[in-house]
Amino acid sequence: MHAAVHMSSVAPSASRPHLTEVHGMRGLALLLVVLFHLFGGGRVSGGVDVFLVVSGFLVTGSLVRRAETGTLRLGSVYARNLARLAPSALVVLGAVALAAWLLLPSGRWLDVWRQVVASGLYVENWDLIANALSYGAAGPGVSPLQHFWSLSVQGQFLLAWPLVVLVVAWLCRRARIRVRQQLVLVIALATAASFAYSLYLTEVLQPTAYFHTATRFWELGAGALLALVPLRGGAGLRALGAWAGLGLIVSSGFLLDGGTLFPGPWTLWPVSGALLVLAGAGTTAAWGPRRLLELAPLRFVADISYELYLWHWPVLIFYLAIRDFPAVGVRGATLVLAVSLVLAWVTREVIARPVGLALPRTMTPARSAGTLLAAGVATVLVIVPTAAASVDMRNREAAQLEALQHLGMEYTGAEALSGQGQTTAPREAPVVPEAADGEAPVRPSVEIAKDDRARTDLDKTCIQEPRDGPGYDEVRMCTLNDPAHPTRTVLIAGASHIFQWAPAITQIGRENGWRVLLAGKAACRMRHEPSIDDGCRRWGANLLEQTVALAPDAVFVSGTRTHEAKAERVITGQVAAWRRLAAADIPVVTIRDNPRFAWSPPGCVGSHGRDAARCVLDRSDVFAQLNPAETHPRTPAIAGHVDLSDMICEPTSCPPVIGNVLVYRDGSHLTATYMRTLTPALADAVRRAAPWLY
């Protein structure tokens, strides 16, 4: 996991902490990481933060000593780091790429393979940020490479830090000033800046801050400063501090929810603990924690800590995927731990140790170049085939997505439910080949379901991200249809469960001469809640004011909120917004929410088949008997209501496939293909709910 694991070649001295104690603390921190992942329900232990501090401490100490003696060579440093980090990581990445192909639904292959490439290049943290993923507890749908974010942060540190130290040392020698003092100044400034940025970004955008290199550098910098600043205090005081540090480290995961608090100010809890242990290690006090940290079990875990960190998370995720469990139990966690320990030990003994022993003690430029070349070739052998498979699959999926525009008559989708309920008027049944019904391949296929989205969903200049902070309460309105002489103006406003209907509403608008506008922000609805202040509420309030100023003929909104485990309801703040619009003589047209699943319907269909009972949701678990938007006592009388639940669900169930069309692209959003089959029913329902638009 961390370069510090491989820096044990740095010999201990009387002036520095005893490395056996540091090694033991590393084992303790790694054990906490693994145990909290397996038995702690996904809580963040703070162990990774300890590793960042230790890495900054050991790496900086080693680099500065070489810089001061003029023996620091970038080629040698990079070669040794790569030779010690890459082999084990590449083995795990190759195994994950293969296991994804063999064990996971095909719809997940591309995401995993993309992250294999990102992890192999030490940019996984940026990939997670780019794809708006947040740190989450283990589950069958979580990335098996999520844990590589910390490896990426440290990989970037190991790439940049030797160069920084070398440049500062060169400048100091030119100016004939002491290297160590100037580095302390540089590191202190960089650490302070990183900590300040961490406080800011954690406050406004914590999921991004969690993975961000700049918000994590201060933890590395804190360890680096400790490596360069002379330690003060007597042996007894430092030993007492070390015990206090261990207490902070162990208690962190129990007392703090690091997944939502880190890397903000609460991260000082485990970071301070690591610093106190480092400062107290190597003292002469007999009652210090040295004996505890040198226990054989901790030394064993520390010896394989890098490999254990690499293996335990993918083993856990694949276990959950194979067993189709939402979470791991005690027996499963014990099995995952045992398998991970064996894999880690084998990887260490068969791969990492032989490579380490083969490294020459003295790295000449030629040997450094050879080592770098070998590491590069090994990386290429894993990354290039994975990237090539990804490109090939992406091309095939693009062709399949294009073909969805021209499906045959056997793909009736929502038309297969026409006439079963009261939502739509009876329609003439389409001509469907008798043998094809139920036998035609599901479309979109589970591989491409996640990408079967409307273009408006993907337009980032129009659809805003669900983020908080400065600028994220801005409202952007996009024009989807703009006839020269519009008969009406309608606005689609709110979160993804309303703007997924944008193509269908736009089609209806084209047929009737409407000007169609869209104001969408993922996870945010138009709401009026003055007592609550966050990004979504501010955006919703701003949208409400702009809508009143626009004065459209109708505003399409989500009328209800379904839930994976709770009753369907109407959000109070939304009703308040509807009443505000009604007071301005602007009616809303509510569209009843669609089902939300606690699992991925495409993944379930891919794993168990289109007719598997485990993939079907009981309708009574999703929908109230009557549409709550219509029955809510404060809903304005001028509102219109569209209820297409009978075109999404059967009378007693909500299946993932209807009329040979996959209904959902994920756990709660409809595929664009199914939405196209819903458009005629939506047109009929809107005509009845909002006759003033015609």
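Numbered in sequence order, the bonded cysteines of the chain pair 1-2, 3-4, 5-6, 7-8. The count comes to four disulfides, a disulfide being a pair of cysteine sulfur atoms within 2.5 Å. This is a predicted model: local features need pLDDT of at least 70, side-chain atom pairs count only at pLDDT 80 or more, and totals for chains, interfaces and linings use all residues. Residues are numbered from 1 along each chain as its sequence is written, and side-chain values use heavy atoms, with hydrogens and water left out.

**Disulfides**

- Cys 462 and Cys 478 are joined by a disulfide, with an S to S distance of 2.2 Å.
- Cys 462 sits in the loop between α17 (455-458) and β1 (478-481), and Cys 478 in strand β1, so this bond ties together parts that are 16 residues apart in sequence.
- Helices here are DSSP runs of H or I with at least four residues, strands are runs of E with at least two, and both are numbered from the N terminus.
- Cys 462 is buried at a relative accessible area of 2%, and Cys 478 is buried at 15%.
- Buried means under 20% relative accessible area, exposed means over 50%, and partly exposed lies in between (1.4 Å probe, protein chains only).
- The Cys 604 and Cys 615 link is left-handed, with -90° about the S-S bond.
- Cys 604 belongs to helix α22 (residues 601-608), while Cys 615 lies in the loop between α22 and β6 (617-618), 11 residues apart.
- Cys 604 and Cys 615 are both buried.
- Cys 649 bonds to Cys 654, again as a disulfide, at 2.0 Å from S to S.
- The link of Cys 649 and Cys 654 is right-handed, with 100° about the S-S bond.
- Cys 649 has a relative accessible area of 0% and is buried; Cys 654 is buried too, at 0%.

**Packing of α3 and α16**

- Helix α3 (residues 74-103) and helix α16 (residues 365-403) have axes that come within 9 Å and cross at roughly 20°.
- Axes are lines fitted to C-alpha atoms, for helices over the stretch in contact, and angles run from 0 to 180 degrees between N-to-C directions.
- The two helices, α3 and α16, are therefore roughly parallel to each other.
- Angles under 35 degrees count as roughly parallel, over 145 as roughly antiparallel, 65 to 115 as roughly perpendicular and the rest as oblique.
- The crossing of α3 past α16 is left-handed, a term that applies if the near helix is turned anticlockwise from the far one by less than a right angle, with clockwise giving right-handed.
- On the α3 side, the residues that meet α16 include Gly 75, Tyr 78, Leu 82, Leu 90, Leu 93 and Ala 97.
- On the α16 side, the residues that meet α3 include Thr 371, Leu 372, Ala 375, Ala 378, Val 382 and Thr 386.
- By class, the contact of α3 with α16 has 11 nonpolar, seven polar and no charged residues.
- Ala, Val, Leu, Ile, Met, Phe, Trp, Tyr, Cys and Pro count as nonpolar, Asp, Glu, Lys and Arg as charged, and the others, Gly among them, as polar.

- Phe 36 is in helix α1 (residues 19-39).
- Phe 36 is buried, at a relative accessible area of 7%.
- Beyond its neighbours within four places in sequence, Phe 36 is in contact with Gly 41, Gly 42, Arg 43, Ser 45, Gly 253 and Phe 254, where contact means heavy atoms within 4.5 Å.
- Phe 36 and Gly 46 are 10 residues apart in sequence and 9.7 Å apart in space, C-alpha to C-alpha.

**Backbone geometry**

- Phe 262 and Pro 263 are joined by a cis peptide bond, with omega about 5°.
- Pro 263 lies in the loop between α10 (258-261) and α11 (268-280).
- Arg 443 to Pro 444 is a cis peptide bond, with omega near -5°.
- Pro 444 lies in the loop between α16 and α17.
- Tyr 122 is a residue other than glycine with a positive phi, near 60°.
- Tyr 122 occupies the loop between α4 (109-120) and α5 (124-130) and is buried, at 17% relative accessible area.
- Ala 551, not a glycine, has a positive phi of about 55°.
- Ala 551 lies in the loop between α20 (535-550) and β4 (554-558) and is partly exposed, at 47% relative accessible area.
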